[in-house]
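Visitor: Hi, I'm new to this one. Can you show it to me and walk me through a few spots?

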Amino acid sequence: MPDDHSRLSRAPSGKDLAQQHELELAQVTAALEHDVGISRDDLTSLILLESLKGFGPQKFKDLHRAGLRPIDVLREPQLLPTPGKRGERFRQALRELDAADRNVAQARAVRQLLRARDNNARIVTYDHAGYPRSVYDSNNPIPILYARGNLDLLGYDRSVACVGSRETSPPYSDRHYEFAAHACRAEYTIVSGFALGADTIGHRAAADTGGSTMLIMPCGLDRPFPPENRDLYTSLKDYGRAVIVSEFPFGTAASTLTLRKRNKLIVAFARGVMLSQTSAKGGAMSAYRFALEQRKPVATFEPDGEPRTSGNNAIKQGDERTGARRTEERLGGSASPPPTVFRADAADHQGWDAWLHQL
């Protein structure tokens with residue numbers, strides 16, 4: 001098949017698989033589709049279009065802005081608005097999708113609908129009233145989000161990302177908790193990635209203060225990661241002011257790639273990013289770079305001269321900004337604002353208020 005053809009892997013054939021699919025298909029009723037938030041046919045179309053090599057979130061957004069649905073261009077590839085040779089490659093790949101591709105996509109869609117039902121989750125797309133505007137307006141407008149919990153929080157854009165090292169330690173852990181709690185009292189939702197360390201601290205601060213929090217997962221909602229946070233996951237999925245979100249289908253395990261993508265989605269949800277403690281080589285630095293790309297304000301705490309805060313120092317010095325400037329030049333528009341650096345030895349409520357106010 002051509003390079004731009006489907007990334008779908010063909011399911012093994014066989015009587016048993018066919019019977020299993022028929023049994024699963026029979027469970028997908030109109031009531032189930034309504035409860036989950038999407039029809040089998042629409043999800044199948046999204047999965048098929050997503051399978052085309054190079055057809056990423058921005059292409060889905062272009063399609064949506066043109067008033068077209070994935071099912072429309074699958075039926076009539078010439079409607080695809082992507083211009084030039086790239087667009088023609090996509091149209092050719094659409095024409096070459098065959099019955100086997102469609103059957104595989106439908107089987108995947110059916111499984112996702114059933115798993116969403118079993119996990120009390122929803123599948124949120126651009127057409128869903130609760131699709132987050134902040135994500136749609138970002139450079140990462142993920143076309144399919146899987147969510148459970150308080151879905152009203154998805155549309156609440158008064159959010160701040162609180163991220164940092166998995167090994168966040170005093171005084172940075174104390175400041176991180178205090179900042180997250182302070183932001184909650186100022187009616188901000190704490191967005192973080194459910195990792196150990198800073199992420200966990202932020203989520204707990206929100207719950208402890210009765211605030212709202214958003215858990216952005218690097219995996220399917222049925223495979224919470226890391227396993228050490230399973231108790232936290234159990235408590236927050238039943239917490240009325242939390243929503244758990246993933247861009248990854250049910251059954252997806254966490255990996256280096258999904259962890260990085262998770263960080264980009266965290267930033268897309270937030271108005272600004274507080275990065276409390278990180279080494280220069282820490283995974284949390286990707287959130288800083290994504291914040292620069294998305295022109296989101298960044299804050300951190302004063303480094304202490306130790307390797308554990310070498311990332312704080314890089315943020316303070318602006319060492320990561322060169323690549324972001326190239327991105328800004330390519331995208332056009334104004335540069336991201338310079339970082340704000342707070343003291344690490346004590347809470348600065350007045351300074352935090354000023355930073356939150358300008359988000």
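Guide: Let's start with α12 and α13, which are oblique to each other, since angles under 35 degrees count as roughly parallel, over 145 as roughly antiparallel, 65 to 115 as roughly perpendicular and the rest as oblique. This is a predicted model, where local features need pLDDT of at least 70, side-chain atom pairs count only at pLDDT 80 or more, and totals for chains, interfaces and linings use all residues. Residues are numbered from 1 along each chain as its sequence is written, and side-chain values use heavy atoms, leaving out hydrogens and water.

Visitor: What's the angle between α12 and α13, and how far apart are their axes?

Guide: About 45°, with the axes of α12 (residues 256-269) and α13 (residues 285-293) 9 Å apart.

Visitor: Which residues make the contact?

Guide: From α12, Arg260, Asn263, Lys264 and Val267; from α13, Ser286, Ala287, Phe290, Ala291 and Glu293. Contact means heavy atoms within 4.5 Å.

Visitor: New topic: where does Thr125 lie?

Guide: In the loop between β1 (122-124) and α8 (133-136).

Visitor: Buried or exposed?

Guide: Thr125 counts as buried because its relative accessibility is 9%; buried means under 20% relative accessible area, exposed over 50%, partly exposed in between (1.4 Å probe, protein chains only).

Visitor: What does Thr125 touch?

Guide: Ile38, Leu46, Tyr131 and Pro143, leaving aside residues up to four places away in sequence.

Visitor: And which residues have the most contacts inside the largest nonpolar core?

Guide: Ile123, Val245 and Phe269, in a core of 80 residues. Such a core is a set of buried Ala, Val, Leu, Ile, Met, Phe, Trp, Tyr and Cys residues joined through side-chain atoms within 4.5 Å.

Methods: Axes fitted to C-alpha atoms, helices over the stretch in contact; angles between N-to-C directions. Helix = DSSP H or I, 4+ residues; strand = E, 2+ residues; numbered from the N terminus.
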